[in-house]
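User: Hey, I'm new to this one. Can you walk me through it?
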Amino acid sequence: MINEERICSEFAELVQIDAPGFGERRMADALKEKLTALGFEVQEDRAGEQYGSDTGNLYGYLKGGVQGEPVLLSAHLDTVRPALGKKAVFHKNGRITGSGDTVLGADDVAGIVEILEGIRHLQEEEKPFRDVEVLLTIAEESYIKGAKAFDFGRIRAREAYVLDLEGAPGSAALRAPSLISFKVTVTGKASHAGFAPEEGIHAIQVMSAAISRIRQGYVDGKRDTTLNIGMIQGGTSANIVPGRCVCEGEIRSFRHEKALKQVEKLQKLFEDAAQKAGADVRLEFDVALTAYETSSAAPAVIRFGEACRKLGLPGTLLGTFGGSDNNQFALQGIRGIVLSCGMHEVHSVREYTTVEELKQGAALVAELLLEK
């Protein structure tokens, strides 16, 4: 049985540590101590220096007592905002919420405590388990910047479980999308809207003409690719023909080449609109995440199914339109899945988890480490 009092106490302890993206120093220090106490050899890299932060990714290795390949367990250190002054409120029905004015931080403290308690449980039960590598990353919520800066040459495992998916324990994501963020700048010509409107080139009008031709939401009937323009800014005054307009958005797709194709379509639509008006246009984009799909025959998936059957969990396999550090693992040849770990309504002040789900998540971690 998972120690309920201990996992709840540790969850409350870690939730209270402020750990916004690029501000994870105290969280990293606390987890160094906890991993070391479990017997891990712990190292912190210098990933934070790339982003002006004083905190790096934490990597730990623990020798087990079972022959075979090691397994990689991963979660992230950072929490989305509002993240300062968090605390866990325990309710009689077993639900754990925040105080209502910040996120709870179950994303991803739930994943962290489930990893720690799962390993601790096996040690106390004196059950031999596989060699374990743990990677706790910084700035995951900022398009997995910590994982992108990590040196994967030190990772021995080819199988990974990332505890960072919304929902009750017992489901896992096999695939996740590419995510491409883009910014389009239209440069026209400013002029006085009352005295000389004919001398201007209306940048907002050019931008609007292009956007009116762009399909947003699901871009076709396959529902595997989305496009959204979420911000637009232009103009300086109501009496000036705007000479500049900027929009920003994102593309997500389970097929990387399809996401790139959408960028090409955007480029053409904006160029056509600008050319007709005599304006200039510049499109910039960044590939934040690259799509992956883990085979249902991969060892990580098979072990997950077996562990869920033993614990009476559903073992549901699905896709997610959200990214995680597993996107980066896949690029490194590590075939992993993302496990639901009992976090709900994440990225909001309504975020919650439950005592039972924390225990289930820890039990699942333990069972995965026992699998041959």
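Analyst: Let's start with a pair: Phe-90 stands opposite Ile-96 in S5. This is a predicted model, where local features need pLDDT of at least 70 and side-chain atom pairs count only at pLDDT 80 or more, while totals for chains, interfaces and linings use all residues. Residues are numbered from 1 along each chain as its sequence is written, and side-chain values use heavy atoms, with hydrogens and water left out.

User: Ok, how do S4 and S5 pair, and over how many bridges?

Analyst: S4 and strand S5 (residues 95–97) are antiparallel, over two bridges. Strands here are DSSP runs of E, at least two residues, and helices are runs of H or I, at least four, numbered from the N terminus. Two strands pair if DSSP finds at least two bridges between them.

User: What order do the strands of that open sheet come in?

Analyst: Three strands, S4-S5-S19, with antiparallel pairing. Strand S4 (89–90) and strand S19 (352–354) are at the edges with a single partner strand each, so one side of each has no neighbour in the sheet.

User: Switching to helices. Which residues of H7 are buried?

Analyst: Ala-300, Val-301, Arg-303, Phe-304, Gly-305, Ala-307 and Cys-308. Buried means under 20% relative accessible area, exposed is over 50%, and partly exposed is in between (1.4 Å probe, protein chains only). Phe-304 counts as buried because its relative accessibility is 0%.

User: And what does Phe-304 touch?

Analyst: Leaving out residues up to four places away in sequence, its contacts include Tyr-161, Leu-317, Ile-337 and Leu-364. Contact means heavy atoms within 4.5 Å.

User: What comes just after H7?

Analyst: Gly-312, which takes a positive phi of about 75°.

User: What about H5, which residues are buried there?

Analyst: In helix H5 (residues 203–211), they're Ala-203, Val-206, Met-207, Ala-210 and Ile-211. They cover an arc of only 130° around the axis, so they sit on the same side of H5. That arc is taken from the directions from the helix axis to the C-beta atoms. Helix H6 (256–277) is one of the elements they pack against.
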